[in-house]
Amino acid sequence: MSEVRSKSKRSKPTTSSSNLNSFQSQTQTLISTMARKSSLLKQTLATILVLLVVYALLNTFLSPANSSSSSSSSSSSLPKSTSKLETTFPFTYANSASVESGFSRENANNFPGKSVLKVYLYELPKRFTHGVIEHHSIARGRRPADDVALLQYPGHQHMAEWYLYKDLTRPDSDRVGSPVIRVLDPDEADLFYVPFFSSLSLIVNTARPAGSSSGPDQARVMYSDEENQEALVEWLEEQEYWKRNNGRDHVIVAQDPNALYRVIDKIKNSVLLVSDFGRLRSDQASLIKDVIVPYSHRINTYTGDVGVGNRKTLLFFMGARYRKEGGKIRDLLFQLLENEEDVIVRHGTQSRENRRAASQGMHTSKFCLNPAGDTPSACRLFDSIVSLCVPVIISDSIELPFEDVIDYRKIAIFIDSTSALKPGFVVSMLRGLTTLRIMEYQRELKEVKHYFQYEEPNGTVNEIWHQVSQKLPLIKLMINREKRLVKRELTEPDCSCLCTNQTGILTSL
């Protein structure tokens, strides 16, 4: 028994020793494995480091040469015209080459890192510009200034033609922030501006009584807008740059709905600046090709702050009651609204006294009624905007300027004609709006009203040029497309490349 115990006692140290030896063996194996992995990791890291150094050396010494070579090759492979104006897309059009002309150098420096549209201003015969102003003065019994620089363009609601011309003839130092530069070399131009005062020409003779001119000055006094329209087209068709692309890269103002009506089919390829499409066919003008421009507001801009404390009138309108075409709705609205409480609807034509009354009415009203006139738009809308009088637009086919930057639902109320002619509908809708909601409209109006002020340095003129600049990619497309098309006789107007103006409005707050 004692021997068994003795053997048992001796066997325990043997087992413990065996376990210890096994643990030591495993530990040495693990350390050996880790050492091998560590060595492999070090080798991998060293290899990566060497590759990075080699790449850096190659990139430093070889890439600039390749880049320069590639750039040079790419530049030399471009056609001359492409390197001038087609290397930026979609809406920037000139590069540093544009500053070679006298008018462009200083203004180009105002756009570091940006490109601007290059415009060539035609030097038209005097009869199309200052001659129109002279005849307008003579027709009203005034003697025009002998010095062209002293001629005053008369104020009226279609003055875009004057402000754009005036903008392009200013020194570049006065045109900071403009999206266009004037170039003196037509070969540098992206677009060509035709400065015919078409809207003023249309109204030259409206105030001249029959037989008012006689004697030796009669020939000088006699004026025909239709003859001037025809003469303009004849002059354009003799110009090399008009014939080059059939007038597609030319910009012409036809803001009055009747301006250039006699020759519109001969200039319809050009970018037309219009107030609306009321009297233009879909093959003559469209939102795709042309630009909607604002009327010139005819009343004083409201300089006060938002609020309704001084605006006691709910709804205000002052203008011609009886109009043609879509404007016939005016008389119907008069009948519905003229006896409503807190509503002022008054017949009145354009005159200095009526403009003062309209200014007072708009500045003291919460809402201003804007029904269609002879065409879908009217200057009253833009008078409303600068008055912070919330426009109530009742014109089913209206088109509005600058809709890519202005959401008109935030500044105006739209009511379709059918709803507007329901008794009580308009007034009930307006009375249901809270003071806070009206002030929201006013704040939005105040935010965007500079877009409708032609006199503002960064106002209407700059935005019109911006809109025109966006047409350039389409103009290039049409020019290039036209060169490859087979000419054929058409029995109907070709509208395949134009967007027809077919719109309506939804009543909305």
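This is a predicted model: local features need pLDDT of at least 70, side-chain atom pairs count only at pLDDT 80 or more; totals for chains, interfaces and linings use all residues.
Colleague: Where do I start? How many helices and strands does the chain have?

Modeller: The secondary structure comes to 18 helices and eleven strands. The chain has 509 residues, and 46% of them count as buried.

Colleague: What share of the contacts join residues at least 24 apart?

Modeller: Take contacts between residues at least 6 apart in sequence. Of these, 71% join residues at least 24 apart.

Colleague: How do I read the nonpolar core? Which residues touch the most other members?

Modeller: The general idea comes first. In soluble globular proteins, nonpolar side chains tend to be buried together. Here the largest nonpolar core holds 110 residues. Y122, Y193, L273, L315, F367, I413 and V468 touch the most other members. Helix 5, residues 160–168, gives the largest share of this core, with six residues. Another core, of seven residues, lies apart from it; F316, M318, A358 and M362 are among them.

Colleague: Take L273. Which residues does L273 touch?

Modeller: Leave out residues up to four places away in sequence. L273 then touches L164, V251, I252, V253, A254, Q255, V291, V293, I464 and V468.

Colleague: Back to helix 5. Why is it largely enclosed by the rest of the structure?

Modeller: Eight of its nine residues are buried, so helix 5 is largely enclosed. The buried ones are A160, E161, W162, Y163, L164, Y165, D167 and L168.

Colleague: Now the rings. How many aromatic pairs are there, and where should I look?

Modeller: The whole structure has 18 aromatic pairs. Look at the angle between the planes. W162 and Y165 have ring centres 6.2 Å apart and planes at 40°, so this pair is tilted. These two are three residues apart in helix 5, which puts about one helical turn between them. Both W162 and Y165 are buried.

Colleague: And Y163 with Y454: stacked or tilted?

Modeller: Their ring centres are 5.1 Å apart and their planes at 20°, so the pair is stacked. Y163 sits in helix 5, and Y454 in the loop between helix 16 (435–448) and helix 17 (460–469).

Colleague: Which rings form a cluster?

Modeller: Ring pairs link Y120, Y122, F192, W235 and Y241.

Colleague: Which residues lie over a ring face?

Modeller: R311 lies over the face of Y302, 4.7 Å from the ring centre. R437 lies over the face of Y441, at 4.0 Å.

Key. Residues are numbered from 1 along each chain as its sequence is written. Side-chain values use heavy atoms; hydrogens and water are left out. A nonpolar core is a set of buried Ala, Val, Leu, Ile, Met, Phe, Trp, Tyr and Cys residues joined through side-chain atoms within 4.5 Å. Buried means under 20% relative accessible area, exposed over 50%, partly exposed in between (1.4 Å probe, protein chains only). Helices (H or I, at least four residues) and strands (E, at least two) are DSSP runs, numbered from the N terminus. Contact means heavy atoms within 4.5 Å. Rings of Phe, Tyr and Trp (its six-membered ring) pair if their centres lie within 6.5 Å; planes under 30 degrees apart count as stacked, over 60 as edge-to-face and the rest as tilted. A charge sits over a ring if NZ of Lys or CZ of Arg is within 6 Å of the ring centre and within 35 degrees of the ring normal.
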